[in-house]
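My entries follow in the order I made them.

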Amino acid sequence: PAAPGIGHSNHMPGHNYTKLGMWHEAAISMDSATRVELAYMNERLALPFETWNFAHNRDYLCYIQEQLGMEAAARDGARSMIAAPRNPQPDDEEGEATFGYGLNALLRGLVKFERWDMILEEGSIPWRDTPEDQNKKAWVETLAYAGTGKTVDARASFEEFKSTLKELEKEYADLLPLFNK
């Protein structure tokens, strides 16, 4: 109530509600935060890639909707982030953040609700040609093949996952010591 027009003041209670399992209250908090960020972007003619708060709020709202069993709402939110305008600067990783949040939310929901056919349907997930996306694709397809009883395909996909993981380890070798402490 003290700062209704500040997105982050609407957002942070959602973290607390989530930790307490108060999913409806968390949803209200994240929905409010998302709406405040949308108003902020509209007032400033800003696009989602120009403010990280929007994607973070929307991703968190998708997660909360998943916990509430609101599968379609969570998936729609994820797809809206994927469809949001992206930064035209090709080397700007921040410009890909909204897409990345959306992709992760979509994958998380599809796995949670065991939508194996959607995962395996050609063109249903807008994969980018990046090592990270190829790794995620191999992982969720492994789960989907296993979930549909296609064990031969699951094993092949898991081998692809391990191969892409090795590529990522090479690419991020300089960061690995930070995680092995």
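Where is W127 found? I located W127 in the loop between α6 (116-120) and α7. Helices here are DSSP runs (H or I, at least four residues; strands are E, at least two), numbered from the N terminus. I am working on a predicted model, where local features need pLDDT of at least 70, side-chain atom pairs count only at pLDDT 80 or more, and totals for chains, interfaces and linings use all residues. Residues are numbered from 1 along each chain as its sequence is written, and side-chain values use heavy atoms, with hydrogens and water left out.

**Entry: W127.** I listed its contacts (heavy atoms within 4.5 Å). Leaving out residues up to four places away in sequence, W127 touches L103, L107, D133, K136, K137 and V140. I also checked the pair W127 and K137: ten residues apart in sequence, they lie 7.6 Å apart in space, C-alpha to C-alpha.

**Entry: α5 and α7.** I turned next to α5 and helix α7 (residues 131-147), whose axes come within 11 Å and cross at roughly 10 degrees. Axes are lines fitted to C-alpha atoms, for helices over the stretch in contact, and angles run from 0 to 180 degrees between N-to-C directions. That angle makes α5 roughly parallel to α7. The classes are: under 35 degrees roughly parallel, over 145 roughly antiparallel, 65 to 115 roughly perpendicular, the rest oblique. From α5 the contact takes F99, L103, N104, L107 and V111, and from α7 it takes D133, K136, V140 and L143. I sorted these into six nonpolar, one polar and two charged residues. Ala, Val, Leu, Ile, Met, Phe, Trp, Tyr, Cys and Pro count as nonpolar, Asp, Glu, Lys and Arg as charged, and the others, Gly among them, as polar.

**Entry: the whole chain.** I counted nine helices and zero strands in the protein chain. Its C-alpha atoms fill a box of roughly 55 × 40 × 35 Å along the principal axes.

**Entry: α1 and α3.** Helix α1 (residues 7-19) packs on helix α3 (residues 52-67) at about 30 degrees, with axes 11 Å apart. That makes α1 roughly parallel to α3. I read the crossing of α1 past α3 as left-handed; the term means that the near helix is turned anticlockwise from the far one by less than a right angle, clockwise being right-handed. H8, H11, G14, H15 and T18 of α1 meet W52, N53, H56, N57, Y60, Y63 and I64 of α3.

**Entry: α2 and α3.** Helix α2 (residues 23-44) packs with α3 at about 155 degrees, axes 9 Å apart. α2 and α3 are therefore roughly antiparallel to each other. α2 passes α3 in a left-handed crossing. The α2 side of the contact includes W23, M30 and M41, and the α3 side includes F54, R58 and Q67. By class I have twelve nonpolar, four polar and three charged residues.

Entry: How much space lies in the largest cavity? I noted about 60 Å³. A cavity is a set of points on a 1 Å grid over the protein atoms alone where a 1.4 Å probe fits but cannot get out; lining residues have an atom within 4 Å of a point. Grid points are joined across faces, edges and corners, and the volume is the space filled by probe spheres set on them. I listed the lining as E66, E71, A74, R75, A105, L106, G109, L110 and F113. α5 gives the largest share, four residues.

Technical notes
1 Å grid on protein atoms, 1.4 Å probe; cavity = no way out; pocket = protein on both sides within 12 Å on 5 of 7 lines; lining within 4 Å.
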